[in-house]
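Good morning, and thank you for joining this group meeting. I ask you to look at the structure on the screen while I describe a few of its side-chain contacts.

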Amino acid sequence: MAPISANRDEFDEIPTVVGIFSAFGLVFTVSLFAWICCQRKSSKSNKTPPYKFVHVLKGVDIYPENLNSKKKFGADDKSETKSKSVMPKNSLHLDLEKRDLNGNFPKTTPKIQGSPDLENLTPKHFAEREKDSISPESLKSNTSLSSEEKQDKLGTLFFSLEYNFEKKAFVVNIKEARGLPAMDEQSMTSDPYIKMTILPEKKHKVKTRVLRKTLDPAFDETFTFYGIPYSQVQDLILHFMILSFDRFSRDDIIGEVLIPLEGIELFDGRMLMNREIIKRNVRKSSGRGELLISLCYQSTTNTLTVVVLKARHLPKADVSGLSDPYVKVNLYHAKKRISKKKTHVKKCTPNAVFNELFVFDIPCEGLEDISIEFLVLDSDRGSRNEIIGRLTLGASAEGTSGEHWKEICEYPRRQIAKWHMLCDG
């Protein structure tokens with residue numbers, strides 16, 4: 001009986017030991033959890049709060065006095081350059097440790113650290129220094145030029161001329177243009193490039209690359225024209241057309257420069273020249289405007305194909321100065337109208353692009369008794385449409401109209417396009 005009682009005592013001690021170890025394990029787990037929580041809390045308290053202000057500073061002037069002003073964001077480049085030119089270098093002091101939890105600076109007046117001479121400077125001295133930083137040329141242009149003179153001032157073109165006697169080549173170098181007007185009202189700048197044509201034959205036409213957003217473009221591009229004898233150089237005229245590129249509409253014409261080469265000697269090598277840019281001479285397109293027409297006579301089918309392509313330099317027909325042009329096309333046989341067509345209306349433009357095709361059946365063989373009339377009208381809902389200009393093509397027509405008609409009769413099945421001056425309606 002003694003061994004059985006001993007075994008029972010051992011079995012009774014096992015739950016006690018397990019309970020003691022469980023208690024110690026529970027206390028250790030609770031202590032470890034509490035220690036971890038304390039460590040996390042202390043690490044959170046030591047963390048720097050997130051400063052969104054650092055991201056906001058992108059593109060903003062970082063002078064402390066400017067941060068406290070009303071216009072903190074969206075400052076333009078001009079205000080930045082002015083503040084940088086007025087404030088000395090030692091004044092740029094941005095203490096990031098003095099920010100509050102929201103990332104803002106305390107509203108205190110910043111102190112300028114520097115030499116004793118800077119402390120004696122008054123606001124008057126700063127104003128004088130800022131005035132001195134402006135170039136004399138800009139001051140002169142702002143004070144001396146009136147508003148009308150500024151509008152007429154289109155800039156200056158710099159170029160050089162040279163003749164290579166060995167290669168019998170005429171060399172033109174377009175260097176730069178200065179003081180161009182701003183053609184883009186939003187950005188107050190231009191995207192200039194230059195077209196150059198050698199007159200009077202207009203066989204040689206070249207153009208420079210487009211330089212983006214500048215009023216003083218430096219092209220420095222050289223164009224060499226071979227096969228021009230030096231004896232003929234005196235008879236040539238250089239025509240420079242300065243334009244501003246426009247991605248969404250017709251390129252804007254800034255101005256032009258005409259250089260007659262008569263009397264210019266190029267024996268001594270390269271000759272540097274500059275000329276003032278003037279307004280484009282539009283005498284050739286004055287009056288009622290011009291119309292670009294393409295005609296094709298099909299003798300086999302006895303039809304006449306008419307394409308109304310473009311109109312340009314149409315006169316002002318509205319109070320606002322803009323017209324709403326469209327074209328009526330009338331076909332006549334023996335002075336009797338037998339057919340009529342019309343294009344769509346183009347809103348508010350003096351330079352309309354139609355690109356509309358019409359096919360007319362000719363009731364007789366040949367075009368001797370056929371004539372075609374083009375009427376350019378201004379669409380007006382409130383009253384009768386006003387005739388801007390008129391053009392008549394036929395065998396009895398004179399000038400370019402008669403030449404155009406004669407060509408389509410001599411060359412059937414060929415599409416021939418020409419510009420024509422419009423006459424009074």
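I begin with two residues, Phe-159 and Phe-240, both of which are buried; buried means under 20% relative accessible area, exposed over 50%, and partly exposed in between, with a 1.4 Å probe and protein chains only. Please note that this is a predicted model, in which local features need pLDDT of at least 70 and side-chain atom pairs count only at pLDDT 80 or more, while totals for chains, interfaces and linings use all residues. Residues are numbered from 1 along each chain as its sequence is written, and side-chain values use heavy atoms, with hydrogens and water left out.

The structure holds 6 aromatic pairs. Rings of Phe, Tyr and Trp (for Trp, the six-membered ring) pair if their centres lie within 6.5 Å; planes under 30 degrees apart count as stacked, over 60 as edge-to-face and the rest as tilted. The ring centres of Phe-159 and Phe-240 are 5.1 Å apart and their planes stand at 35°, so this pair is tilted. It links distant parts of the chain, for Phe-159 is in strand 1 (residues 156-164) and Phe-240 in strand 6 (residues 237-244), 81 residues apart. Strands (E, at least two residues) and helices (H or I, at least four) are DSSP runs, numbered from the N terminus. Ring pairs also join Tyr-163, Phe-165, Tyr-230 and Phe-267 into a cluster.

I turn now to the charged side chains. A salt bridge is a side-chain nitrogen of Lys or Arg within 4 Å of a carboxyl oxygen of Asp or Glu, and by this rule there are 8. One of them joins Glu-162 and Arg-270, at 3.4 Å from N to O. Glu-162 lies in strand 1 and Arg-270 in the loop between strand 7 (252-260) and strand 8 (271-276), so the bridge ties together parts 108 residues apart in sequence. Glu-162 is partly exposed at 25% relative accessibility, whereas Arg-270 is exposed at 53%.

Which residue forms a salt bridge with Glu-290? The partner is Arg-312, with the closest N and O atoms 3.0 Å apart. Glu-290 is buried, with a relative accessible area of 8%, and Arg-312 is partly exposed at 25%. The charged end of Arg-312 also sits over the ring of Trp-419, 3.9 Å from its centre; this requires CZ of Arg, or NZ of Lys, within 6 Å of the ring centre and within 35 degrees of the ring normal.
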